[in-house]
Amino acid sequence: MIYEIVVGDKTYKLTLQKRDGRWVYELDNLEVTVDALAVRPDVLSILVGAKVYEIQRERQGGEIWIWLGGVRHRVEVSDPRLLRGQKRGSSGEKGPVKIAAPMPGKVVRVLVVDGSEVEKGQGVIVIEAMKMQNEIKSHKKGTVRKLSATVGAAVNAGDVLAIVE
Amino acid sequence: MFKKILIANRGEIAVRLIRACHELGIAAVAVYSDADRAALHVRKADEAYRLGPPPAGESYLKIETVLDLAKKCGADAIHPGYGFLSENAKFARACAAVGVKFIGPSAASMEMMGSKTRARQNMEKAGIPFVPGTSRGLESVDQAAEVAEKIGYPIMLKAAAGGGGKGMRLVHAPGELKGALEAAQSEAQRSFGDREVYIEKAILNPRHIEMQVLADEHGNTIYLGERECSIQRRHQKVVEEAPSPIVDADMRQRMGEVAVRVARAANYANAGTIEFLVDDQKNFYFLEMNTRLQVEHPVTEIVTGLDLVHLQIRIAAGETLPLKQADVQIRGHAIECRIYAEDPENNYFPSPGKITTLMEPAGPGIRLDGGIYEGWTVPIDYDPLLAKLVGYGENRAQATMRLQRALEEYFVGGIKTNTGLFRSILSDPNFRAGRLDTGYLERLLKQTAGTATDNTNSEIIAIAAGIFAAMESEKAGTGNSPEESAISAWRKAARTEALHP
């Protein structure tokens, strides 16, 4: 199996195959045998030579995170044969920026109106969840458009509450 | 002794209380909202009763429903835990009226201490040192401005009914006063149903040190030593320890004696905590009394060798304190980390959701009080505290090392938690040196913000990610299997060596 794997700012091309019950990988034209054991779902015990690694995986809304030693790393795994030609989307801060609810909760205050000018970092909406009030800030300087948040409304994580242009 | 105790709470504290009941041979009754049917405290109890819909106001805060259930199931006592009804004098009084013992102080003591302004008035009478300011609620902005001018800026506005940083505002200059007062009042109204706000002189970056007291219902009151709780974020405690790195035996005795005087002035019975602000000259000022069991009680239990919940139950059953002040010995050191469901990479927003993987630490010097399990979904309706991880040892350094080791073993997958924060704190030189104050954590967070991510392990991370994916497609039978590639043995060896130097 061949994968293209992005970890931080590095991209690896990884060839993996199973030989005698062990995984053999080839990375940058070097081949290594590793002993990888799934000790439970999403947890691997890996031996590279005698060196022990315990690694956890988390998947959240299409994102993959790999944990090692309590540190979390975002990874992207793609099979280049299947995904050839696909590009990873990126959202810069040039165009309109969405203001989305970072968690489920209730809108307790709306600090702007449609058309308000906001600075980068300025609070726009206050959401209460788990007894904490959290100010959602604008990530860019601009004008508030399509403000849909109303006081008292329940929101879900990812709901777009306004757009800053 | 009681035969059956109803636990009017949820989460880790409900589980901790149920455990104590079982240790004492007492049946434990859980109550739950619709969001908590699957919660750990329900699973651990002997009996469980539904309270109502998820919002606390319709479930855990419903005095009549809780009392009806207590009577119906034949409970002879109620333990309220912390939060919810624990400091509600009306509830304590209602319990007494129906003959169910409230495990805590009397309604009268609670009322005296529950309102911070009333507590200040009473402490003033008892000659307890407290932070300068008003002992009564503010009536107008003008009055606030006048008082603030007199005691000098910066000042702190605080909700009389407050706690946990709600209804609290720091004001640096007269221009900010009006807005801050309105914000504090409206937050106080929302959080506590009481908009009364008072002024205190702000002691900038004080330490927050609190003293545990224990009193029986026969007039015996002792103190069990202090807890250092200066590591806070948004006025919420994050790490607590006992003893405090700066409190010596003499200071402990002075603080303890003041704390006992406070408790006596309030006719206090059962477990309580007197909070002090401590300035850089080690002067301490009475701040408030918490008339309940504290979240951070385990650190005191560990260094005193006492079980505070057992003692609470025995005191409520009418027993006299089984020990005297001279019997209380502080031994070793304990540090607690509050594990919250929140996202450190997103301004510590709450992060409810399903726990897909849970690996918990164990071993010497570790105590874990949790309310979670793998496969459980953390509801959005309540406080995000998941568990309390306590490390202890013969001294502070050993307790710290054990906590660090335990944090490496701890993994909560599926939701975000603040475990990474504790790694930063425990390895920080200022923490190691015990240089703490309530501004400590904000400074540390600023300093560590934007620190470059660690790339040293990216190769093994990539390999693991690939193996996870390959195992999955192997299971699903969808793998793309390339022809065997022949690679020389020396290159294989070179790679293996590179990964384990």
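Predicted model: local features only at pLDDT ≥ 70, side-chain atom pairs only at ≥ 80, totals over all residues.
The domain assignment divides chain B into three parts, with domain 1 spanning residues 4–103, domain 2 spanning residues 132–201 and domain 3 spanning residues 207–448. Between domain 1 of chain B and domain 3 of chain B, the C-alpha centres are separated by 23 Å. The contact between these two domains draws on 26 residues from domain 1 of chain B and on 25 residues from domain 3 of chain B. On the side of domain 1 of chain B that touches domain 3 of chain B, helix H1 (11–23) and helix H2 (40–44) of chain B each contribute at least two residues, and the largest share of that side, 7 residues, is supplied by H1(B). In composition, the residues on this side of domain 1 of chain B comprise 15 nonpolar, 5 polar and 6 charged.

Most residues other than glycine have a negative phi, and most peptide bonds are trans. Against this background, the peptide bond from Tyr153(B) to Pro154(B) is cis, with omega near -5°, and Pro154(B) is located in the loop that runs between helix H7 (141–151) and strand E6 (155–159) of chain B. A cis peptide bond is also present from Ala242(B) to Pro243(B), where omega is again near -5°; in this case Pro243(B) belongs to the loop between strand E11 (236–242) and helix H9 (249–265) of chain B.

Positive phi values in residues other than glycine are found at Asn205(B), where phi is near 45°, and at Lys282(B), where phi is near 65°. Asn205(B) is placed in the loop between strand E8 (197–201) and strand E9 (207–215) of chain B, while Lys282(B) lies in the loop that connects strand E12 (270–278) with strand E13 (284–290) of chain B.

Key
Residues numbered from 1 in each chain as written. Chains lettered and ligands numbered in written order. Domains from an automatic or database assignment. Contact = placed C-beta atoms within 7 Å. Helix = DSSP H or I, 4+ residues; strand = E, 2+ residues; numbered from the N terminus. Nonpolar A, V, L, I, M, F, W, Y, C, P; charged D, E, K, R; others polar.
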